[in-house]
Amino acid sequence: MSIATAIASAQGKVADCYTAISNKGGTLPATQNLANMPTAIGSIQTGGTINSLTITPTTSQQIITASGSVDGYSPITVNAVTSSIDANITPSHIKSGVSILGVNGVLTPLIGETRSVSITSTAGNTFTPTSGNNGITSITVTPTNQAKTITPTTSSQSISVPSGYSGFGTLTVNAVTSSIDANITAGNIKDGVSILGVTGTYSGGGGGSSVSSIFDSNYFVSSNGTITNYISFSDQSSVIHHYILKPFATSFANSSTIHNWLDETLSEVNGSIIGIKSITKIGNLIKNPNSTSLLLNEDTSTEYISFRALKEAVFTTTKQFQYLTVLKKVDLHNAEKIALPASFAGLSSFEAIDLSSAEDLTTARALGGTASIGGAFAGTSITTVSLPALKSTSFGSYTNQFDYMLKNVTGCTVHFPSNLQSVIGSWTSVTSGFGGTNTTVLFDLPATS
Amino acid sequence: MKIKTTYVGTLNGINGMWCGFKPDGVIITEERPVLYAEENMDLIRIADEENMGSSLWLHNGDVQENYREEEHEEPEEEDVPEV
């Protein structure tokens, strides 16, 4: 080879070197000769930022790429896989004799059985696998129940499950009938009232005497066949004689008429009237105009009087009941027109009256009286007076119907329909509590016309 | 003699009048003075000596001074006057 060829070959190799330098990122000099090659080689960038890396395997693939200021990783440490890679790698989840990632299993295979059992007591039962088995995969439990019928009594009953049974199946409780008490008979129950299927026929009063019929048309027929227009019998205390009046006269036009009738019929009467069924109007019954107590003279036993059918109870003389010193209650629930001036004044035991139908108080001082005597209930023990049937037209031309009605009565409450406050609310008698003490006047009953 | 108040108003939605006492919770719409006689006494109107009973409402200019007290006497029973 000639020198020129050798020189050309060497120049070519120098050029190749500068090409390689350029490929490595080096800086090429302006004159690319052997003299400048070391400098060019020195301009090549070496190494970068290399960090160490530790990888913990998971159940998912991991791809880790150097980025940012990190150019690469070295050394890279990959930790060992342990049982912590899955929380289910526990001894109880691994078959006995098998080890997974260092965890030895303790799980014993189930050898199950199917069972059917009957329960014959109310006590708790425990069932364990039979020999050769270590579990029960299915168990059928059949109770042994008793059908039971219970008849109620007047005492409480505790019913226990008998021996040999696990409980009660169908439990039948018989209905309560009147047989539960021997006293539930028609004769012991108020007329028209039904108790446990037994309709009563007892119409009031005492029970000492026996009668074959009562309130039969216009007459009574006693047990000995006697026909009268009144009947007498003793109450159970055998102290008070009661009389039920059922006169065949349906009305008494004036007081003398009724007085004469009573004189003829009941001249020896001494007791309490507990029912006047068919007369519709009463005048001065208890006392005649001559101030003689006709019927109930100095009666110290009468506590209750019922005038059930009475439509009018109009007295023109005061204190009609004054001789009934222990009188407690009067029933006038059908009376639509009333005038009871001072009728019960002074009767300290008197406590109640039924005036449910009273709507005609057009008589002067109908429930009132005079300042000296007081009104209808003066000096009594009455605590409530209720007048639900009163209307705005109930008073006529008078405003004194309640004057002194509660004189010497303390703490009584009087009830009126709500629409009457505008009618009587400005009356002096109402404002002063009807002459009583601590009277309450309420307009709380349903409004009337 | 003493004057007590009758309270007119409403309690629990019910209209009423409470004579001489005031229940808790009552909504009062009007107060009315009522003159009461002492126990076993009657009020006598001085002008005409009429027995007014044990209590009366002082209104329309009426005042306590128009009345005096008198011991109550229980009379015989009597017919009820028309007025």
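Tutor: First, a cut-off: buried means under 20% relative accessible area, and exposed means over 50%. Keep in mind that this is a predicted model. Both A:Asp403 and A:Arg365 are buried, so each has a relative accessible area under 20%.

Student: What makes A:Asp403 and A:Arg365 a salt bridge?
Tutor: The rule asks for a side-chain nitrogen of Lys or Arg within 4 Å of a carboxyl oxygen of Asp or Glu. The closest N and O atoms of A:Asp403 and A:Arg365 are 4.0 Å apart, and the pair counts as a salt bridge.

Student: Why does that pair tie together parts that are 38 residues apart in sequence?
Tutor: Because A:Asp403 lies in the loop between strand 23 (384-386) and strand 24 of chain A, while A:Arg365 lies in the loop between strand 22 (352-354) and strand 23.

Student: How do you know that B:Asp42 forms a salt bridge with A:Lys407?
Tutor: Their closest N and O atoms are 3.0 Å apart, and the cut-off is 4 Å, so the pair qualifies. This one crosses between chains, from strand 4 (residues 41-45) of chain B to the loop between strand 23 and strand 24 of chain A. Both B:Asp42 and A:Lys407 are buried.

Student: Switching to the nonpolar side: which residues have the most contacts inside the largest nonpolar core?
Tutor: A:Leu367, A:Phe377, A:Phe402 and A:Phe416, in a core of 48 residues. Strands 24 (413-417) and 25 (440-445) of chain A, plus strands 2 (14-19) and 3 (27-36) of chain B, each supply at least two residues of this core. A second, separate core has seven residues, among them B:Leu35 and B:Leu56.

Student: What is A:Phe377 in contact with, leaving aside neighbours within four places in sequence?
Tutor: Its partners include A:Phe344, A:Phe350, A:Leu367, A:Met405 and A:Val409. Contact here means heavy atoms within 4.5 Å, so each of those pairs meets that limit.

Methods
Residues are numbered from 1 along each chain as its sequence is written. Chains are lettered from A and ligands numbered from 1 in the order in which they are written. This is a predicted model: local features need pLDDT of at least 70, side-chain atom pairs count only at pLDDT 80 or more; totals for chains, interfaces and linings use all residues. Side-chain values use heavy atoms; hydrogens and water are left out. A nonpolar core is a set of buried Ala, Val, Leu, Ile, Met, Phe, Trp, Tyr and Cys residues joined through side-chain atoms within 4.5 Å. Buried means under 20% relative accessible area, exposed over 50%, partly exposed in between (1.4 Å probe, protein chains only). Helices (H or I, at least four residues) and strands (E, at least two) are DSSP runs, numbered from the N terminus.
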